Structures are given as structure tokens and as C-alpha cells.
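The sequence and the structure are shown first.

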Amino acid sequence: MSAREAIGVDVGGTTIKAARVSAAGVIIAQASQATAKTPTDVLAQIDALIAACDHARVACIGIGVPSPVDFRTARIFPGGYVDLSGPPLTGRLSRTNGRPVFTDNDGTMALVAEARLGAAKGSANVVMLTIGTGIGGAAMLGGKIVQGKASAGQLGHITVAYDGLDCACGRLGCLETLSSGTALGRHIANAGLPATVTAEELLSRNDAQSRGVIERWIQPLRSGIESLAATLDPEIVVLGGGLGKAACTALASVPPKSTWFQYRVAPAICGSEAGVIGAGLAAFERLP
Ligand SMILES: [Zn+2]
């Protein structure tokens with residue numbers, strides 16, 4: 001049993017990654033490709049990457065997608081920057097690979113990796129926010145992923161400005177519209193700074209303009225985290241994605257407004273492999 005392995009796939013907006021991982025979450029083999037433009041091509045890439053990592057010891061396959069997923073049926077809902085809601089991904093892959101395939105949102109996969117091996121190891125109540133092109137998320141309560149009736153965890157879509165900007169979800173002022181990587185780019189442009197400026201550069205400067213950009217980016221994140229702490233009462237909030245570490249540093253300059261809600265904030269430590277490791281581990285956990 002201990003020799004069994006899983007393949008984890010992480011469908012990102014820029015790169016699709018796959019890795020064969022042990023039950024302990026150690027990567028044994030991996031492959032990646034730049035994400036194709038159409039859902040059909042993305043499915044072909046998933047097939048090719050699974051084949052590149054495959055081995056007789058692989059017992060199951062986990063796939064993280066940047067969209068809400070019905071955990072009961074593996075149906076992928078529309079949304080996210082790669083829309084895989086059309087093709088029947090999970091069933092087709094199960095048939096072609098002859099092994100159980102488990103599909104879930106990429107935020108959930110990242111949370112599984114951080115909870116088992118990373119920043120939230122040992123914690124049963126965890127909120128994960130992945131800050132990249134958009135803001136993804138997932139929550140764990142009592143050691144179990146919060147699933148809701150189908151696809152809980154769209155934490156980038158909690159409101160932080162009721163009269164704010166239009167969000168892709170149809171509402172106004174979602175956290176994602178102000179504190180994602182896309183939003184940071186807009187804050188930088190609005191300040192008249194070059195588009196090449198990074199969050200790390202802004203954080204290393206001590207001028208009012210840089211501080212202003214960081215504050216406009218991170219104040220809504222603090223508000224969002226405080227709302228999540230008020231509703232879910234996690235021990236730890238883990239910030240992942242490409243901007244997780246920078247967001248964590250920036251949050252230090254925006255202390256919590258309330259003392260009612262106590263929580264730690266920590267950067268994710270599984271890095272860019274969190275998605276594939278978490279997908280593999282989540283698939284193991286779904287095995288009968
Ligand atoms: Zn939204």
C-alpha cells in the first residue's frame with residue numbers, strides 16, 4: 001500500500017503542471033506545459049501530462065481546476081480563467097486511465113497541501129487564499145474541507161466594497177477586484193508607476209506613493225480576512241499563489257481593526273508545487 005502513488009494535475013492560467021507524488025506528498029516525477037487557449041486543447045494537454053508522469057504504481061489521479069467544482073458529481077461550473085465546464089473531464093479521464101479521477105477547485109488542492117505538509121500542518125481550522133490573477137480560496141473546519149451543497153470556498157468573491165468595481169461574478173466590490181494580482185497592476189497603473197514594478201519592489205521602498213499603492217491593494221484583503229475570521233474562526237489564514245508572500249508582508253502594515261477575531265496569517269510554504277502535491281494527496285484521500 002505504501003508504494004502507491006498518485007498523479008496530481010494543476011491547471012493554471014499560465015502553466016498546466018502534473019506530478020507523480022508519493023502518499024507522503026513527495027514529488028517523484030513532473031511535467032508541465034504552457035496553458036493552451038481552448039478547453040479542447042487544455043484537455044489534450046492534461047492527457048499528455050498524465051501520460052508523461054504515469055507509472056504502474058499510480059493508484060489515482062487528482063486534478064485542480066481554476067473553477068468551482070461540484071464535489072459530489074465532479075461537474076465543473078463555468079468561471080475561472082480556463083473554462084472547462086463544457087467537456088466531461090473527470091468521467092472521460094477515469095475511463096481512459098482506468099483509475100479513479102478526482103477533480104476539485106485549485107484552492108482546495110492548495111489547502112490540502114498546506115494542511116498536510118505546509119504552513120497549516122497541525123491545524124484543523126484553516127482558511128486559504130490564493131492570490132494570483134484572481135483570488136481563489138478554500139476553508140477547512142474540523143479537519144474537513146468546507147464543501148457547502150456543491151462548491152463552497154469562492155473566497156475571492158466576498159464583498160469588501162459594496163459600491164465597488166464590477167466583478168466577473170456579476171456583483172460589485174468583491175475582494176478579487178481590489179486585492180488580486182490583476183488589481184495590484186491596476187493600482188500601480190493608477191499611481192502612474194511603470195507596469196514592471198513588482199509588489200516586492202513597492203514593499204522595499206519607503207515613499208508615500210509606494211505605500212499608497214500597497215495600502216489600496218492590501219486594506220481590502222485585511223477586511224476580507226477579518227470577515228472570514230468572524231464567520232469561520234480559523235486558527236490560521238494561509239496566503240498562497242504568486243503574491244501570497246508579498247501580501248503577507250504587506251498585511252503587517254495594516255493591523256486588524258478588531259480584537260474580537262484572533263487568527264494567525266502565514267505565507268504558504270509548498271510554493272508553486274502546492275497545486276500538484278495537493279491534487280495528488282486529495283486524490284489519495286478520496287480513495288475508498
Ligand atoms: Zn465576484
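Is Leu 203 buried, partly exposed or exposed? Leu 203 has a relative accessible area of 29% and is therefore partly exposed; buried means under 20% relative accessible area, exposed over 50%, and partly exposed in between (1.4 Å probe, protein chains only).

The model is predicted, so local features need pLDDT of at least 70 and side-chain atom pairs count only at pLDDT 80 or more, while totals for chains, interfaces and linings use all residues. Residues are numbered from 1 along each chain as its sequence is written, and side-chain values use heavy atoms, with hydrogens and water left out.

Leu 203 sits in helix H6 (residues 199-204). Helices (H or I, at least four residues) and strands (E, at least two) are DSSP runs, numbered from the N terminus. Apart from neighbours within four places in sequence, Leu 203 is in contact with Ile 214, Ala 246, Thr 249 and Ala 250, where contact means heavy atoms within 4.5 Å. Val 213 is ten residues from Leu 203 in sequence, at a C-alpha to C-alpha distance of 9.7 Å.

**Zinc site**

The zinc ion has His 157 (ND1), Cys 167 (SG), Cys 169 (SG) and Cys 174 (SG) as protein donors, at 2.0 to 2.3 Å. Donors are N, O and S atoms within 2.8 Å of the metal (3.2 Å for Na, K and Ca); water is not among the atoms, so sites may look incomplete. The spacing of the donor residues in sequence is H-x9-C-x1-C-x4-C. The arrangement is tetrahedral because the four donor atoms subtend angles of 100 to 121°; four donors count as tetrahedral if all angles lie between 85 and 135 degrees.

**Cysteines**

A search of the whole structure finds zero disulfides, a disulfide being a pair of cysteine sulfur atoms within 2.5 Å. For Cys 248, the nearest cysteine sulfur is that of Cys 270, 14 Å away.

| Residue | Relative accessible area | Class |
|---|---|---|
| Cys 167 | 9% | buried |
| Cys 169 | 39% | partly exposed |
| Cys 248 | 15% | buried |
| Cys 270 | 15% | buried |

**Five-stranded sheet**

An open sheet of mixed pairing has its five strands in the order E3-E2-E1-E4-E5; two strands pair if DSSP finds at least two bridges between them. Strand E3 (27-34) and strand E5 (101-105) each have a single partner strand, so one side of each is left without a neighbour in the sheet. From one strand to the next, the twist averages 15°. Axes are lines fitted to C-alpha atoms, for helices over the stretch in contact, and angles run from 0 to 180 degrees between N-to-C directions.

Strand E4 (residues 58-65) pairs with E5 in the parallel sense over five bridges, and Ile 61 has Val 101 in E5 as its bridge partner. Helix H2 (residues 89-97) lies across E4 and E5, at about 155° to E5. Helix H9 (residues 274-286) also packs on the sheet, touching strand E1 (5-11), strand E2 (15-22), E3, E4 and E5, and its direction makes about 130° with that of E1.

**Strand E6 and its partners**

In strand E6 (residues 126-131), six of its six residues are buried. Val 126, Met 128 and Thr 130 point one way, and Val 127, Leu 129 and Ile 131 the other way. E6 runs antiparallel to strand E7 (residues 135-141), joined by six bridges, and the two form a hairpin with three residues between them. Thr 130 has Gly 136 in E7 as its bridge partner. E6 runs parallel to strand E9 (residues 236-240) over five bridges, with Leu 129 opposite Leu 239.

Technical notes
Four donors count as tetrahedral if all angles lie between 85 and 135 degrees; four count as square planar and six as octahedral if opposite donors are over 155 degrees apart and all others between 65 and 115; anything else is irregular.
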